[in-house]
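Here are some exercises to work through with the model open beside you. Try each task on your own before you read the solution.

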Amino acid sequence: MIKTYHPEQLIDAMEAMILAADADDLLSAPAERLSAAALEVREIAGRSLAARADRANVAQPRKSGRSSRGPGPLMDYLKRLVAARPEVSPNLAAAFAAGKSPSQEEAEALAVELLKARLSSPKPGRKRRTEGSRR
Amino acid sequence: MNPPTLKEAASGFVSTDEVAAALAELSTVDSARLAQLARLRCLGAVGLEWQDLLHEAFIRVLDGRRRWPRDVPFVAFVAQSMRSIASETRQADLVEFGALGEHESGDEQGIANVLARTDITPEREMAGRQMLLEIEALFAGDAIGLAVLEGMARGDSAGEVQAQLGLDPTAYASTLRRIRRRLTSYLLPTEV
């Protein structure tokens, strides 16, 4: 019969025993249970690491430079655009053709100009649809 | 992996990137040991699952809330962390079994006294009692093993335990090994 003390003291004593157990002690346990426990702990560790990565992505401030993941969708789009229509930006087309990548700021500046031009241009298609809907 | 910051290196703490690397490279033996330690800390705790406890310990060290001293083995550090978390969880569980005098079945008056003196809920008291019963059952037929464990829990030195139980160093070491093997098997999860 266990004499009385705070249960936590008993747990502490057992914890010390587990920490002092060597590999032989541990490996004396049934192999299937040992490997299953190890697998589950690795899964828990994997979840913890994934949660950390998620937090890091959320907390990552937007960088003006290119990220390590690659040029990003804007740069990809501009590359395809100037390849098809070099007159949009001869400088950018030349840079891409030479295998160089413009800075994110240059790309963003061009994107802004294109967006302005697009917004200020007439939209006959939209007008037609609007007119049609009024009939 | 990023190198430790100057502050981390100077203070002797492991960087969180190094923690992540250690977690990613856990050995089978260390993983199994962590499962056992987590289960141990959940013994007698109401509503605390060992997987959740271990996950919380990993999360806290990964997000920097708990810092891993460079001179402490990782498993021992996580054990300390789980102890702290379990303690927080059981803050209201100050189950002072000492107030019972001796833990005997059928001692309903003793339980009533403890309940009157603390804010222990019946569920918590039951969980604590269940833990003691499980440990007693684990050492059924090994009175010496249980007595050694009790001596350690009291904080007695190895010499004191040996003197109390009339064990020579060899018999003592043999008993410790027996306890360790019994505990390691008992604490491995059965349902994973």
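## Exercise 1: two helices at an angle

H8(B) and H9(B) are oblique to each other. This is a predicted model, so keep that in mind as you go.

**Task.** Work out how H8(B) and H9(B) pack, and which residues meet.

**Solution.** 
- Step 1: start with the axes. Helix H8 (residues 143-154) of chain B and H9(B) have axes 10 Å apart, and the angle is about 140°.
- Step 2: classify that angle. Over 145 degrees would count as roughly antiparallel, and H8(B) and H9(B) are therefore oblique.
- Step 3: H8(B) and H9(B) cross in a right-handed way.
- Step 4: find the residues. Ile144(B), Ala147(B), Val148(B) and Gly151(B) come from H8(B), and they meet Glu160(B), Val161(B), Gln164(B) and Leu165(B) of H9(B).
- Step 5: sort them by class. The contact of H8(B) with H9(B) has five nonpolar, two polar and one charged residues.

## Exercise 2: another pair in chain B

**Task.** Describe how H3(B) and H5(B) are arranged, using the angle between their axes.

**Solution.** 
- Step 1: helix H3 (residues 28-42) of chain B and helix H5 (residues 74-89) of chain B have axes that come within 10 Å and cross at roughly 20°.
- Step 2: angles under 35 degrees count as roughly parallel, which means that H3(B) is roughly parallel to H5(B).
- Step 3: the crossing of this pair, H3(B) and H5(B), is right-handed.
- Step 4: on the H3(B) side you'll find Asp30(B), Arg33(B), Leu34(B), Leu37(B), Ala38(B) and Arg41(B), and these meet Val75(B), Val78(B), Ala79(B), Met82(B), Arg83(B) and Ala86(B) in H5(B).
- Step 5: by class, the contact of H3(B) with H5(B) splits into eight nonpolar, no polar and four charged residues.

## Exercise 3: chain A meets chain B

**Task.** Say what chain A is built from, then describe the side of it that touches chain B.

**Solution.** 
- Step 1: count the elements. Chain A has seven helices and zero strands, and its pattern along the sequence is α-α-α-α-α-α-α.
- Step 2: check burial. Chain A has 135 residues, and 23% of them count as buried.
- Step 3: look across to the partner. Here 41 residues of chain A are in contact with 58 residues of chain B.
- Step 4: see where chain A's side comes from. Helix H1 (7-20), helix H2 (23-27) and helix H3 (31-59) of chain A each supply at least two residues, and H3(A) gives the largest share, with 17 residues.
- Step 5: sort that side by class. It divides into 26 nonpolar, six polar and nine charged residues.

## Exercise 4: one crossing between the chains

**Task.** Are H1(A) and H10(B) roughly parallel or roughly perpendicular to each other?

**Solution.** 
- Step 1: the axes of H1(A) and helix H10 (residues 169-187) of chain B come within 9 Å and cross at roughly 95°.
- Step 2: angles of 65 to 115 degrees count as roughly perpendicular, so that is the word for H1(A) and H10(B).
- Step 3: H1(A) brings Met14(A), Met17(A), Ile18(A) and Ala20(A), while H10(B) brings Ile179(B), Arg180(B), Leu183(B), Thr184(B) and Leu187(B).
- Step 4: the contact of H1(A) with H10(B) has seven nonpolar, one polar and one charged residues.

## Exercise 5: how confident is the predictor?

**Task.** Find where confidence is lowest and where it is highest in chain B.

**Solution.** 
- Step 1: the mean pLDDT of chain B is 81, and 76% of its residues reach 70 or more.
- Step 2: confidence in chain B is lowest in helix H6 (residues 108-117), at a mean of 44, and highest in helix H9 (residues 158-165), at 96.
- Step 3: over residues 94-118 of chain B, pLDDT stays under 50.
- Step 4: for the complex, the predictor gives an ipTM of 0.77 and a pTM of 0.64.

Definitions and conventions. Residues numbered from 1 in each chain as written. Chains lettered and ligands numbered in written order. Predicted model: local features only at pLDDT ≥ 70, side-chain atom pairs only at ≥ 80, totals over all residues. Contact = placed C-beta atoms within 7 Å. Helix = DSSP H or I, 4+ residues; strand = E, 2+ residues; numbered from the N terminus. Nonpolar A, V, L, I, M, F, W, Y, C, P; charged D, E, K, R; others polar. Buried ≥ 20, exposed ≤ 12 C-beta atoms within 10 Å, placed from the backbone. Axes fitted to C-alpha atoms, helices over the stretch in contact; angles between N-to-C directions. Left-handed = near helix turned anticlockwise from the far one by under 90°. pLDDT = per-residue confidence, 0-100.
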